[in-house]
Amino acid sequence: MGLAVDRKAGCEALIGEAYFRSIELLRHNSVAEGVLACSPGPRAKERNYDCIFGRDAAICALGMFASREPDLVTVARNGLRTLAQYQGTNGQIPKFVNPHRGEADFWYTGCIDATLWWLIALRLHDRFFPETCLEAELQMNVQRAWHWLLCQEHQGWYLLQQNEASDWADIMPRSGFVLYTNALWYWAKSLYEQPTARATRDFANSIFYPFHPAASEHRRVRLLGEYVRNACQQDDFYLSFVNLSFWGDEIDTFGNVLSALTGLADRSRSDRIASSLVDLGVHRPWPLRVVARPIGENHSLWRPYMQRHGQNFPFQYHNGGSWPFVGGFWVLLLQKLGRDKDAWEELEQLALANRCEDWQFNEWFHGESGVPLGMVGQSWNAALFILACQSLNGKLDFII
């Protein structure tokens, strides 16, 4: 009994310190225009990580809002305003804004998810703080963002289409219809009560899981599914992407977690996804490895750009590295499924991950060895830890 009590006390102390360190890191990474992707320094400057990234700032905003710390809330709001200020004339939110030079970057093949995360963060802001109508303040920007996204939507299937390497996994070969992006699309449509949200959900389930016994009434959807079924083994996961005659079966764990978390997957499939991820061990060495079956150099989907910076080899970076901020979404999913004990255990693992190298908040870890890699002082690690912690403590019930 004594050992159990000691462990519980130690766990609570660790989580408490991790929460405090997360708040302090976000303060350290804050500038007037918003929160930087990571702690400033020469290496961060060289790789543009000392900038306000569309997806990073929006994701961080969720944790900063959840903290209820007035200074962090103000910085998060300013970040959303900064991104709106540099919005493209077509409505697209930039990949990142360099506040030092006053420049916006929209990436090589575009950046589809920055606009999605920005919309999501804006709507959730007004749920956190209904007395402060940030969405109304930025209404023209919101309308332009929706217009741009709808121009990327398939007009029959209500799913977003994109180029390779154009979302958060920006050196991965996913293209066409991408699971991660369309889970966010469904989330955004649900939050904004868009009338086509149900159609997006239905077509996503038909296309990303083409093993369903009920065949789609759309001939071309059935054809896409036939390509997959003729060459792919059925399991519990959605495909990472589907294009004409090729697809991703590497198991995008982030995309599958978001699908279950946002309700794109029904409760039964969500339970199976979570259980199967545990069976595959992707929550170790740290929560959460973002690809279960990494793409090797001899795989048909391998691209030369995947070895850029020597990063994306198997079990590294987006190709099977472990990312603590994704682990935060994993904790939220476990809680949603009623697995609170598991969720607290994973939150403890996230605290340990962020504590590595004396609270370095490493960007990612090797997916097999667990060695810390990437940039240090990663803001979204801190923000998602705060969000997950506040959710488990019963202080959030309106995120999804």
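How do the residues of the lining of the largest pocket divide into nonpolar, polar and charged? In this predicted model, local features need pLDDT of at least 70 and side-chain atom pairs count only at pLDDT 80 or more, whereas totals for chains, interfaces and linings use all residues. Residues are numbered from 1 along each chain as its sequence is written, and side-chain values use heavy atoms, with hydrogens and water left out.

The lining of the largest pocket divides into 10 nonpolar, five polar and nine charged residues (Ala, Val, Leu, Ile, Met, Phe, Trp, Tyr, Cys and Pro count as nonpolar, Asp, Glu, Lys and Arg as charged, and the others, Gly among them, as polar). The largest pocket holds about 450 Å³ of space. Of the 24 residues that line the largest pocket, R47, Y49, K95, W107 and D170 are the closest to its centre. On a 1 Å grid over the protein atoms alone, a pocket is an open set of points with protein on both sides within 12 Å along at least five of seven lines, a cavity is a set where a 1.4 Å probe fits but cannot get out, and lining residues have an atom within 4 Å of a point. A volume is the space filled by probe spheres set on the points, which are joined across faces, edges and corners.

Helices α13 (residues 324-336) and α14 (residues 340-359) have axes that come within 8 Å and cross at roughly 165°. This angle makes α13 roughly antiparallel to α14 (over 145 degrees). The contact (heavy atoms within 4.5 Å) is made by P324, G327, G328, W330, V331, L334 and Q335 of α13 and by D340, D342, A343, E346, L347, L350, A353 and N354 of α14. Eight of the contact residues are nonpolar, four polar and three charged.

Helices α5 (residues 112-128) and α7 (residues 139-151) pack at about 140°, with axes 10 Å apart (axes are lines fitted to C-alpha atoms over the stretch in contact, and angles run from 0 to 180 degrees between N-to-C directions; helices are DSSP runs of H or I, at least four residues, numbered from the N terminus). I112, T115, L116, W118, L119 and L122 of α5 meet N141, V142, A145, W146, W148 and L149 of α7. This contact has 10 nonpolar, two polar and no charged residues.

Definitions and conventions: Helix = DSSP H or I, 4+ residues; strand = E, 2+ residues; numbered from the N terminus. Parallel < 35°, antiparallel > 145°, perpendicular 65-115°, else oblique.
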